[in-house]
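I opened the files and kept notes as I went.

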Amino acid sequence: MKKFFSLVLILGITALLYMKRDIPIPQDTDLRTLEMKESENKKIQDHVSSEVDQSIVAKINDRVDDQSSAKSDGLSTDDIADVVKVVDNLSDCLLKKTCQDFKENERYYDPNEGSYHRSLVKSLSFLRERAQYNDDVTITPEQLQKVMAISNDEVQAEGLLLADALNSSQLVAERCGDFTNSNILNVLTLIDKRKDNTQLMNCLNKFIQRGSSMALYDVAEFLSSSAVDVQIAAQTKKTYCPLLASKDESYKRVGLKYRSVMEKYDLTCP
Amino acid sequence: MKFKTTLIIAVLSICTSIVYFSNVENFRGLASVSTRTFPDYFPDSIYFSLNDKHEAIEGPIERRDDEGRYMKRVFGLLIQAADKLAKKDWYYPNDNVYQTYNTFLLTAAMVPYHESRYVHLRQRDSEQCSVKTNGVVAHKTKEEAITAIKAEKDLLQKEVDSYRYDLNFVNEEYKKKMSREDNRRNRAEAARLNSLIKAKDKSIKELNKLITGGSNALWSASSKFKGLINRSDIFVPCDSAGEFKQLLFSYDYNDVGIMMFNMKANPGPFERGSILSTNLIISEGVSLLYKSFNRNASDYKTNKYLSCFQGKNGLNHLNLVRGTWSNYNGGHFDQRACRFIGSMSCLKHIYNNYTSAVGKMSSGSASAEDKKIYNEYNYTFQSNDKALIKLITEYETNSLDANIDLNSFACRFKENDWHFFNNLVSFFYNENSYMHKFLPESSIERKALDELITNVKNKTNKRQYLDQVLVTNYQDYLDEKYEEGQALTPDNNSDENNSEENEIRPEVIAKHDPEPEVNDVVNEAPIVQEYEPEATIVVDEEGALPAKSEESKVYILKGRNINLRYSPEIVSYNRCGNTSDLGGKVVTVEIVDKEVINGFYKVHSDLFNELSSADCAKDSVAYVWADFVVEKESTKAEEKVEENLQYGTISSGVKIRTTYKRGAWTGRVLSRGDRVVVIEKVVWGDPWYHIVTEDGFEGWVWQNVALE
């Protein structure tokens, strides 16, 4: 009898719990989460959309580089300001790794780089070409520095060219340490024209200290083709001379490349 | 009974055969097995027929029974593209630095084997023009149909959204305290809504399939072509007789051509139209490969993500090939370079367990688990594939000594990497790739291929045939119709080239002459060394291919302030001038002696007579550090308007591109005030300049050059 009542009690409690359950219908949790995500996404998308005219973005994104269109695109100064906003938004989200939160960024996604750089490159390229003909490209030094901090060869190269077009190559010198190995020659060639040996030496050291044979090779290439002060070239001996004896091809070639620097500046290795 | 069954089977077999052979495509496939060439191993439905008149179409183009000639050119272009990129960074043969360079040549020759079996363009008659690809030409009709389906899908989606809203409301109600009757009603309503959502979702999925699946996969992919696919000036339907030039696509129509460029990941070749040129797309594909190759080979010691390239004695070159392809296939992140390596660790783990089990079996101490491992893997480890085992021993420091069929392991490679690995084995060890099969055995290119593989295997640098490939002009004779037995000769100086038939080229002999005549006497009149071919070494079935004309070669001194010396050594007293003394002119030179002495070339330039020091001015000859002498070849551009070497200054920042017509970006830029040597100017809409930078980098820039 006791057993029977115990069973009835258990069944009663179970039934009560069942009636009181919070989520009675399957999929409800998923549904609510989905709704929440959708509303959040909506919020983010609205935020971005309200900032820039999307037709301008489309126009820039679909254009082809290197064509005589920058002066005849028919874009107003306000439109150019919108392009700057796109640059800023994309730089921000790339640095914070949040671009995927913006649904509209899908069109910018570059599976080859695994990121959203293509549109940024196109926008920067457009601004660079625009700056040749108009003086309405107003991008702040902070915005340019953000662009240069993005570790992508083409974005940085465009950032460098835009800085040059806006007479801001000083920014490149200040942020040279942010540039990828592939851009070393581009950066050093630009800085060399500033005729500031301290800045040049500072950047050379930053690249050399990376230890990468690609960085070392390109620094040697730069020294051998430019005409820097002999003292600057001489300071690199300490790093490069030992590489002549390296057994590793990737470093030995650096030493061999350095021989042309030695020939040019009359340097000798012990 | 038995007879009846046999009869039924026989009748069924006959019917099946009739049905099978009545299918034209199948019949054609079977009938042509004995004569088909390698591009025909792919179905006709993944070839798109091109408008013959489109200006961007450029060979090599494979034609029936012409595969040997096609393969020779593809091999030549691949090797030349790879050499152009890797030589400046990785090739110092006099100092025994060449292994990484040779590995890149191998990578460039091997990757398209994996990607496309070397197919890009083929020429076929209308029988091999698949009507399936007409869908592309009929793009707009298809687009209307798909738009209608999409509208239907959107309507369904709205219904589903509305049901979900109601369902949410019911859920909220259900949470409130309600009567049993209300609860029952709510549950019933929720069940009804769920069922509706399920049904509509199913319909949406089916519509999605209609849009992207089956025959519409082609349309779906083609919508990504943007600006290329909709153009009837490029693609033509298969509704006429005659011959078509056809471009290979992947089975899902997302990737194209010999390097299988993905249209979404690499839209550049589609925007530029270079996808229609075998020659240009080889160049762009090899450049993309080099981007990762150079980074991985350079930084493997300093970048934690590239650790798979560290071998016992430095760089592991075969892993470098695999990692380069991993990047090519999966994106150029450094984190992706070593994605293939995990499976090797797994394999090694299994092998170690297996050898341990074998030991315990022989000593009689094996556990049940050991026996299980032994039984599971014994057959595999005893099967025979010597090529694979060689590769594995390269990998795993000689710890694996059995013959392994990697396919049978549970921890097999990710599918893509595994296929690439197999193709690498086929190319590198088994030497039975398509390149091996279709390059004529007696051809220079085949011998060069063998030379290259031997070089990478043995860490040697034999160059007899490779050097011939590098000086052969595969560019200008790409599409010449080849008649059997005809030697390929250039139009303008065919006599000269005929005389070279079957002979190794003089400049190649010069490099391999065991005792080259080296004239190191200072202040002697400039001597252009003439080499006499000593023996017929190579017999190419087509005769000698045309060599690049020596006349088109331009040598200039790159960089600023180059020392000129009267003897080949770095000492202060032998300096007879500096290029800075030459009034800012571009210094073009002739190489007097191709032998590099102590790192120096002996060169002649008329400008040297302007030097104040008689040591070099007298005969206009000086010694210049060989790195500063760069060879520049003039291109054949129809629109070319001038060809004068002169300096120019960059007026506004520009990217350096591989060619005019918006070629691919080379990775280099020029900023305002940079000085360049202008080789030529081409007007293609706007002016484009063929330039060499001060550090000797060559390319094309879009306007923005002020000629000095």
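**Conventions.** This is a predicted model; local features need pLDDT of at least 70, side-chain atom pairs count only at pLDDT 80 or more, and totals for chains, interfaces and linings use all residues. Residues are numbered from 1 along each chain as its sequence is written, while chains are lettered from A and ligands numbered from 1 in the order in which they are written.

**Chain A, overall.** I looked up the secondary structure of chain A and found 14 helices and 0 strands. Helices (H or I, at least four residues) and strands (E, at least two) are DSSP runs, numbered from the N terminus. Chain A has 270 residues, and 43% of them count as buried. Buried means 20 or more other C-beta atoms within 10 Å of the residue's own; exposed means 12 or fewer, partly exposed in between, with C-beta atoms placed from the backbone. I then checked contacts, meaning pairs whose C-beta atoms, placed from the backbone, lie within 7 Å. Of the contacts in chain A between residues at least 6 apart in sequence, 67% join residues at least 24 apart.

**Helix α5 of chain A.** I picked out α5(A), residues 117–133, with 17 residues. From first C-alpha to last it reaches 25 Å, close to the expected 24 Å. That expectation is 1.5 Å times one less than the number of residues. How many residues of α5(A) are buried? I got 15 of the 17, so the helix is largely enclosed by the rest of the structure.

**Domains of chain A.** I noted domain 1 (30–167) and domain 2 (183–270); the bounds come from an automatic or database domain assignment.

**Chain A against chain B.** I found 52 residues from chain A and 55 from chain B in this contact. Elements giving two or more residues to the chain A side include α2 (28–51), α5 and α7 (153–165) of chain A. Which element gives the most to that side? It is α14(A), with 9 residues. By class, the chain A side has 16 nonpolar, 15 polar and 21 charged residues.

**Chain B.** I counted 21 helices and 23 strands in chain B. Of its 708 residues, 41% count as buried.

Conventions: Two residues are in contact if their C-beta atoms, placed from the backbone, lie within 7 Å. Ala, Val, Leu, Ile, Met, Phe, Trp, Tyr, Cys and Pro count as nonpolar, Asp, Glu, Lys and Arg as charged, and the others, Gly among them, as polar.
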